[in-house]
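Here are my notes on the model, written as numbered points. Have the structure open as you read.

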Amino acid sequence: MFSDAMPAPTQLFFPLIRNCELSRIYGTACYCHHKHLCCSPPYISQSRLRYTPHPAYATFCRPKENWWQYTQGRRYASTPQKFYLTPPQVNSILKANEYSFKVPEFDGKNVSSVLGFDSNQLPANAPIEDRRSAATCLQTRGMLLGVFDGHAGCACSQAVSERLFYYIAVSLLPHETLLEIENAVESGRALLPILQWHKHPNDYFSKEASKLYFNSLRTYWQELIDLNTGESTDIDVKEALINAFKRLDNDISLEAQVGDPNSFLNYLVLRVAFSGATACVAHVDGVDLHVANTGDSRAMLGVQEEDGSWSALTLSNDHNAQNERELERLKLEHPKNEAKSVVKQDRLLGLLMPFRAFGDVKFKWSIDLQKRVIESGPDQLNDNEYTKFIPPNYYTPPYLTAEPEVTYHRLRPQDKFLVLATDGLWETMHRQDVVRIVGEYLTGMHHQQPIAVGGYKVTLGQMHGLLTERRAKMSSVFEDQNAATHLIRHAVGNNEFGAVDHERLSKMLSLPEELARMYRDDITIIVVQFNSHVVGAYQNQD
């Protein structure tokens with residue numbers, strides 16, 4: 001049902017790779033950022049999995065038994081041959097999911113502070129578990145953009161990518177508009193459009209669940225109408241974002257508990273609830289930028305300094321074991337006797353990396369509720385070992401929340417762009433490198449710095465090659481027309497000197513799907529470019 005599988009060009013090249021000697025390809029792929037993986041027989045490192053299964057079911061997340069011994073045992077008498085993708089083939093894979101949108105100079109209400117955005121995705125899982133969304137709010141000012149990182153499947157990230165922006169938009173609507181929409185539904189009249197979506201053709205929307213999703217959304221705006229006295233008050237964007245996140249997660253949970261007479265929909269809502277997803281969403285309205293983050297995707301602002309160099313300003317915090325405040329929050333929410341079991345091996349209950357997420361009812365529902373829903377659910381759910389077991393040390397649920405942490409930033413003329421990306425990007429690149437690469441791409445100018453070789457022994461010939469490559473970059477136009485694609489090219493293809501190595505890029509994109517996940521995660525990126533002149537004009541008005 002979820003059609004965002006690995007791009008067709010990649011599928012076409014996999015047979016070519018599989019017909020070669022797999023061990024030889026594996027041996028040549030050692031430029032991987034996670035170099036320790038290349039020094040021993042491959043396995044899916046637990047640190048690479050968002051969700052680590054219970055030991056009894058750990059085999060479900062590993063490659064088939066003995067495949068390493070099998071490939072090592074195969075030997076060919078012929079001379080080893082290397083198979084590389086050509087540059088057009090590499091571009092075909094990298095550009096399969098790219099999308100760009102340019103904001104009209106005048107949208108009918110105001111001059112936008114957003115020039116446009118580029119987005120792209122590169123799968124590692126098959127099907128990809130990441131999702132992305134972008135939309136213009138039609139009844140209020142502002143634009144919404146978000147990336148969603150799924151785990152234990154793509155069902156939850158898919159549902160959140162379709163639904164969250166509607167919940168946010170409704171939360172931002174004034175009382176009069178909510179009444180107008182409700183009256184239109186009551187009388188059977190056409191509804192006011194709330195969002196204008198900006199979607200890639202591959203971005204799937206679930207038509208089968210649209211009625212169910214609409215009914216839950218309608219219940220939400222009816223409650224907002226009842227809670228609002230009708231007095232004219234300013235909408236608090238931060239509060240609206242928090243309420244929208246929490247309400248959608250609550251509806252995902254409720255829909256799974258209630259079930260549906262339609263067997264297909266019943267299985268769908270259960271899949272959504274038992275899988276999980278993180279979300280990082282930006283709302284841009286004039287110079288007001290709000291970022292709502294749940295999980296470990298990130299929002300990074302690209303700031304151009306007076307000397308033309310680039311600096312990164314982080315607008316989100318990771319909700320995982322590396323965040324001391326998150327660790328403290330979790331421990332305070334549970335009894336002291338659970339202090340050592342709430343987080344084990346840097347994971348929630350020893351299993352889940354993000355400490356905030358949508359869905360994941362295995363970490364939210366009581367044990368009785370879980371058993372009751374599973375026993376009354378479809379056979380497919382009952383046969384799924386993931387849904388059956390109870391997390392260890394599960395005493396005082398819920399252990400997980402979807403409540404976002406909201407950051408506000410007032411845009412300045414030097415704030416040139418915003419990067420929203422799932423953790424697949426941040427695992428491979430430092431934030432300063434991300435901002436520099438995007439900044440140089442958007443300006444078409446490289447800020448010259450001394451070439452760093454990072455302690456490597458470099459020959460004169462290698463140094464000459466690096467200088468030649470830098471000169472070629474300055475004299476040629478960028479081959480990518482999309483900033484997110486350009487960033488993915490660097491994330492996957494950068495060598496130890498920080499330059500894109502076509503040979504490495506080819507090898508990484510040639511890995512069959514059972515190997516790709518060992519080297520990297522799904523990568524989803526949105527690059528939002530700001531209109532500095534408009535931002536400056538807003539400041540002058542103030």
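Which residue caps the N-terminal end of H17?

1. The cap on H17 is Asn482, with a side-chain oxygen 2.8 Å from the backbone nitrogen of Ala484. Before going on, some ground rules: this is a predicted model, where local features need pLDDT of at least 70, side-chain atom pairs count only at pLDDT 80 or more, and totals for chains, interfaces and linings use all residues. Residues are numbered from 1 along each chain as its sequence is written, and side-chain values use heavy atoms, with hydrogens and water left out.

2. Staying with helix H17 (residues 483-493), 11 of its 11 residues are buried; buried means under 20% relative accessible area, exposed over 50%, and partly exposed in between, with a 1.4 Å probe and protein chains only. Helices here are DSSP runs of H or I with at least four residues, strands are E runs of at least two, and both are numbered from the N terminus.

3. Strand E6 (residues 276-285) is largely enclosed by the rest of the structure, because 10 of its 10 residues are buried. Gly276, Thr278, Cys280, Ala282 and Val284 point one way, while Ala277, Ala279, Val281, His283 and Asp285 point the other.

4. Now for the partners of E6 (two strands pair if DSSP finds at least two bridges between them). Strand E4 (residues 143-151) runs antiparallel to E6, joined by 9 bridges, and Asp149 stands opposite Thr278. Strand E7 (residues 288-294) is also antiparallel to E6, with 7 bridges; Val281 has Ala292 as its bridge partner there. Strand E12 (residues 358-359) pairs with E6 in the antiparallel sense over 2 bridges, with Gly276 opposite Gly359. In the E6 and E7 hairpin, which has 2 residues between the strands, have a look at Gly286, where phi is positive, near 65°.

5. Next, the nonpolar cores (sets of buried Ala, Val, Leu, Ile, Met, Phe, Trp, Tyr and Cys residues joined through side-chain atoms within 4.5 Å). The largest has 56 residues, and Leu164, Phe165, Ile168, Leu195 and Phe358 touch the most other members. Helix H5 (residues 155-172) gives the most to this core, with 11 residues. Another core lies apart from it, with 36 residues, among them Ile93, Met300, Phe417 and Val434.

6. Phe165 is worth a click. Not counting residues up to four places away in sequence, its contacts (heavy atoms within 4.5 Å) include Leu144, Phe148, Leu195, Trp197 and Val281. Phe165 also belongs to one aromatic cluster with Phe148, Tyr166, Trp197 and Phe205.

7. On rings: those of Phe, Tyr and Trp (its six-membered ring) pair if their centres lie within 6.5 Å, and planes under 30 degrees apart count as stacked, over 60 as edge-to-face and the rest as tilted. The whole structure has 12 aromatic pairs. One of them, Trp197 and Phe205, is edge-to-face at 5.1 Å centre to centre, with 80° between the planes. Trp197 counts as buried because its relative accessibility is 18%, whereas Phe205, at 26%, is partly exposed.

8. Elsewhere, the charged end of Lys362 sits over the ring of Phe389, 5.5 Å from its centre.

How values were computed: A polar contact is a pair of N or O atoms within 3.5 Å; within protein, one must be able to donate a hydrogen and the other to accept it, and residues adjacent in sequence count only if both atoms are side-chain atoms. A charge sits over a ring if NZ of Lys or CZ of Arg is within 6 Å of the ring centre and within 35 degrees of the ring normal.
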